[in-house]
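Here are a few exercises to work through with the model open in your viewer. Try each task before you read its solution.

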Amino acid sequence: MATVLVVEDERDIRDLLRRYLERAGHVVLTAGTGAEALRMLEDGAPDLVLLDLGLPDIDGFDVLRTATRFVVPVIALTARSTVEDRIQGLEQGADDYVTKPFSPREVVLRVAAVLSRHQGAESRDEESYGGGRLAIDSARHAARLDGAELDLTPTEWGVLTSLAAMPGRVLSRAELVNRVRGYEFAGYERTIDSHVKNLRRKLGGDGASIVETVLGVGYRLGLPHDR
Ligand code: CA
């Protein structure tokens, strides 16, 4: 059983998918717009997103990029059936692709296949830093420092995992905003500092040496990646 977020502006299709997925034992969340989908992704990562790429408000690819940043697998649903769209979707991180009109039973089977593939790949996905001091488990969306679980907001999680993806490398505020939010967000570059401050507080006494400030440039992870 998994939590599946269905992002689709056509109510009939949304309801049809909900019915079939619930029958297969999943918990189903639905969003009718891209903005709603982004909010739901940030509020709590679902296990999988079924994503209509043709949304009324924003480009479905924006939602796709956000989902992949949260390490949530995506099956793209689309009326676009050209090879270019398919390739673009897969390149941007979609795990699978279904072209409308589709059979809901086939979608349910693909959901099961992507979930098992993803869980298999993610279970060996814990990365550790600084000789095991910091551990980041993307599958569980969890981080621990010195064995204690950190209670992070989605933005703090995004900052920490973005820095940890490139240990030792400095990321500017603009780069961090881009990685964490994926799209331009007015005034956000200044508020990234307050998220860093909160993240450091949660990291305790060594917070400022784990998330280091590089004056005039940005931030970097101060712990080496364990190999
Ligand atoms: Ca649509």
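**Exercise 1.** Work out how many bridges join strand 4 to strand 5, and whether the two run parallel or antiparallel.

*Solution.* Start with strand 4, residues 74-78: four bridges join it to strand 5, and the two run parallel. (Strands are DSSP runs of E, at least two residues, and helices are runs of H or I, at least four, numbered from the N terminus; two strands pair if DSSP finds at least two bridges between them.) Next, pick out isoleucine 75, which stands opposite aspartate 96 in strand 5.

A word on the source: this is a predicted model, where local features need pLDDT of at least 70, side-chain atom pairs count only at pLDDT 80 or more, and totals for chains, interfaces and linings use all residues. Residues are numbered from 1 along each chain as its sequence is written, and side-chain values use heavy atoms, leaving out hydrogens and water.

**Exercise 2.** Find the strand order of the sheet, then say which strands stand at its edges.

*Solution.* First, the order: five strands form an open, parallel sheet, 2-1-3-4-5. Then the edges: strand 2 (27-31) and strand 5 (96-99) each have a single partner, so one side of each lacks a neighbour in the sheet.

**Exercise 3.** Which protein donors does the calcium ion have, and what parts does the pair aspartate 9 and glycine 54 tie together?

*Solution.* Asp9 (OD), Asp52 (OD) and Gly54 (O) lie 2.3 to 2.4 Å from the ion. (Donors are N, O and S atoms within 2.8 Å of the metal, or 3.2 Å for Na, K and Ca; water is not among the atoms, so sites may look incomplete.) Now place the pair: aspartate 9 is in the loop between strand 1 and helix 1 (11-23), glycine 54 in the loop between strand 3 and helix 3, so they tie together parts 45 residues apart in sequence.
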